[in-house]
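Here is a short briefing on one protein model and its ligand. Look over the sequence and structure before reading on.

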Amino acid sequence: MDKIVVQGGERLTGEVRISGAKNAALPIMAATLLTPGKFVLSNVPRLRDVVTMEHVLRVLGAQVEHHDHSITVDTTNCRYHEAPYELVKTMRASVCVLGPVLARQGRARVSLPGGCAWGPRPVDFHIKAMRDLGADIEFEHGYIVAEARRLRGATINFETSSVGATENAMMAASLADGKTVIQNAAREPEIGALADFLRSMGSNITGDGTGTITIEGADELHPADVRVIPDRIETGTFMAAAAITGGDILIMGGELDHCATVASKLKEAGVEIIPVEDGIRVRGPERIKSINVTTAPYPGFPTDMQAQIMAVMTIGQGSAVITDTIYTDRFSHVPELRRLGADITIDRNVAVISGVDHLSGAMVMATDLRASAALILAGLVAEGTTEVSRVYHIDRGYEAIEKKLSGLGAKIWRESEN
Ligand code: EPZ
């Protein structure tokens, strides 16, 4: 296993280019299973989760090749319908093959994902959507077993918005017989990206980006090529890096309106964020102002930026209250931030961060993707050396983060742990 080593104290300056969005690429890769043929996906980030999804597609019978940041997928011979535990347990997002495989093959056997570092992550909304569309669903030996000769359009009402369940419903409904209306649909930019891709495949989808999405089911779809949108969480993470180091960077290729809430909260903390012709200029203040943040479904403040904004608040002037309403226990980064000298108390899903004058480097352990990013951000300003172990977590969702940060002047490198 590798670790990332950071010598703190460098102000970040220079330019960094944002990669394609992991959380757009994964459902788009699953959507190729809806129809036979060849697809070219470009601007695909080189990440562990993308490689895992490539394996899932191959297990289902697709031929998948990747060349740099492009993937070619040939789904002509997709006759298998099982997504095995060995793959699904490493990446919950694999569950989004359920809708497309069921819709195209008439049956699907997908492992239940199990939990993750911050607790159980149920898939009951996914199951409900498939049942609403007429599927018979059983559970056996830890697998979802779904059958449906032909799905039929329905009204699907989610009690709370769910990105993955909305994506599964959109893909399944694209081949259903008749009209589907998804109410309380997720509104994330990745939903819009999937809808654009499905429309380019011949699906009749409207309303994406609002809470109500309507899909007129088709008898068949056709392949299409697609360019993946930029990663709004990577963009927010680099904004946070400029903020915490008092740096001055140019973020190339990011989409500011996809992370507008993150930008407005960082501005409240004293960060200058200026859209410029070829990117976003971000200048951190001498001292961060402590602010309060509550996560919410898009367009609210994303839970995937909760750990990163907490890292920034550890050296804030004052006290910050961070509440996560999406995942009530997504605080595995807190004990590790405390090892760096942060002053954080937790009460259920609320963290109170009292800003300290400085952090001090230490050995810490990554526990999940966004927690890893938070520890690296804190290491950028901690006095001395910080070593973040188990960085396979960060490789799931950030492409060469240490290279991008060292390109901005950080003293950061990767070492083998043994
Ligand atoms: C997506 O996960 C993202 N992953 C997550 O990003 C992100 O944290 C999450 O959305 C919330 O924004 C991908 O897009 C691959 P949800 P997803 O269904 O779809 C509950 C990262 O760091 N829920 O929107 O799994 C759930 O427990 C990852 O890139 C149910 O109760 O999230 C949560 O409280 C981490 N039953 C809330 O809904 C269900 O069937 C939102 O979850 C499904 C979800």
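Helices are DSSP runs of at least four residues and strands are runs of at least two, numbered from the N terminus. With that numbering, Ser332 falls in the loop between strand E19 (319-323) and helix H11 (334-339). The model is predicted.

**Ligand shell**

- The ligand is surrounded by 21 residues. Arg92, Asp124, Ser162, Asp304 and Ile326 are the closest.
- By class, nine of the shell residues are nonpolar, five are polar and seven are charged.
- Helices H1, H5 (124-132), H6 (163-173) and H12 (369-381) each supply at least two shell residues. H5 gives the most, with three.

- Ile326 places a polar backbone atom 2.7 Å from a ligand oxygen.
- Pro122 has a backbone N or O atom 3.3 Å from an oxygen atom of the ligand.
- Tyr327 uses its side chain: an N or O atom there is 3.3 Å from a ligand oxygen.
- The ligand taken alone exposes 820 Å², and the protein buries 85% of that.

**The loop with Thr295**

- Thr295 sits in the loop between strand E18 (293-294) and helix H10 (306-313).
- Is Thr295 buried or exposed? Thr295 counts as buried, because its relative accessibility is 1% and the cut-off is under 20%.
- The side chains of Thr295 and Asp324 form a polar contact of 2.8 Å.
- Beyond four places in sequence, Thr295 contacts Phe301, Pro302, Thr303, Gln306, Thr323, Asp324, Thr325 and Ile326. Ile326 is also one of the residues closest to the ligand.

- Which residues does Ser332 contact, leaving aside neighbours within four places in sequence? They are Thr367, Asp368 and Ala371.
- With Thr367 there is a side-chain polar contact of 2.7 Å.
- Ser332 and Arg370 are 38 residues apart along the chain, and their C-alpha atoms are separated by 9.9 Å.
- Asp368 caps the N-terminal end of H12. One of its side-chain oxygens lies 3.3 Å from the backbone nitrogen of Arg370.
- H12 is mostly covered, with 12 of its 13 residues buried. Among them are Arg370, Ala371, Ser372 and Ala373.

**Nonpolar cores**

- In soluble globular proteins, nonpolar side chains tend to be buried together.
- The largest nonpolar core here has 79 residues. Leu34, Leu41, Val97, Leu151, Met170 and Leu198 touch the most other members.
- Helix H1 (residues 22-31) contributes the largest share of this core, seven residues.
- Leu198 touches Ala31, Leu34, Met170, Met171, Ser174, Ser203 and Ile205, residues up to four places away in sequence not counted.
- A second, separate core holds 69 residues, including Ala263, Leu340, Val364 and Ala373. Ala373 is also one of the buried residues of H12.

**Lys404 in H14**

- Lys404 belongs to helix H14 (residues 401-406).
- Why does Lys404 count as buried? Its relative accessibility is 15%, and buried means under 20%.
- Leaving aside neighbours within four places in sequence, Lys404 is in contact with Val16, Arg17, Ile18, Ser19, Glu234, Phe238 and Glu399.

Definitions and conventions: Residues are numbered from 1 along each chain as its sequence is written. This is a predicted model: local features need pLDDT of at least 70, side-chain atom pairs count only at pLDDT 80 or more; totals for chains, interfaces and linings use all residues. Side-chain values use heavy atoms; hydrogens and water are left out. Contact means heavy atoms within 4.5 Å. A polar contact is a pair of N or O atoms within 3.5 Å; within protein, one must be able to donate a hydrogen and the other to accept it, and residues adjacent in sequence count only if both atoms are side-chain atoms. A nonpolar core is a set of buried Ala, Val, Leu, Ile, Met, Phe, Trp, Tyr and Cys residues joined through side-chain atoms within 4.5 Å. Buried means under 20% relative accessible area, exposed over 50%, partly exposed in between (1.4 Å probe, protein chains only). A residue is near a molecule or strand if one of its heavy atoms lies within 4 Å of it. Accessible areas come from the Shrake-Rupley method with a 1.4 Å probe; for residues, only the protein chains shown count as cover. Ala, Val, Leu, Ile, Met, Phe, Trp, Tyr, Cys and Pro count as nonpolar, Asp, Glu, Lys and Arg as charged, and the others, Gly among them, as polar.
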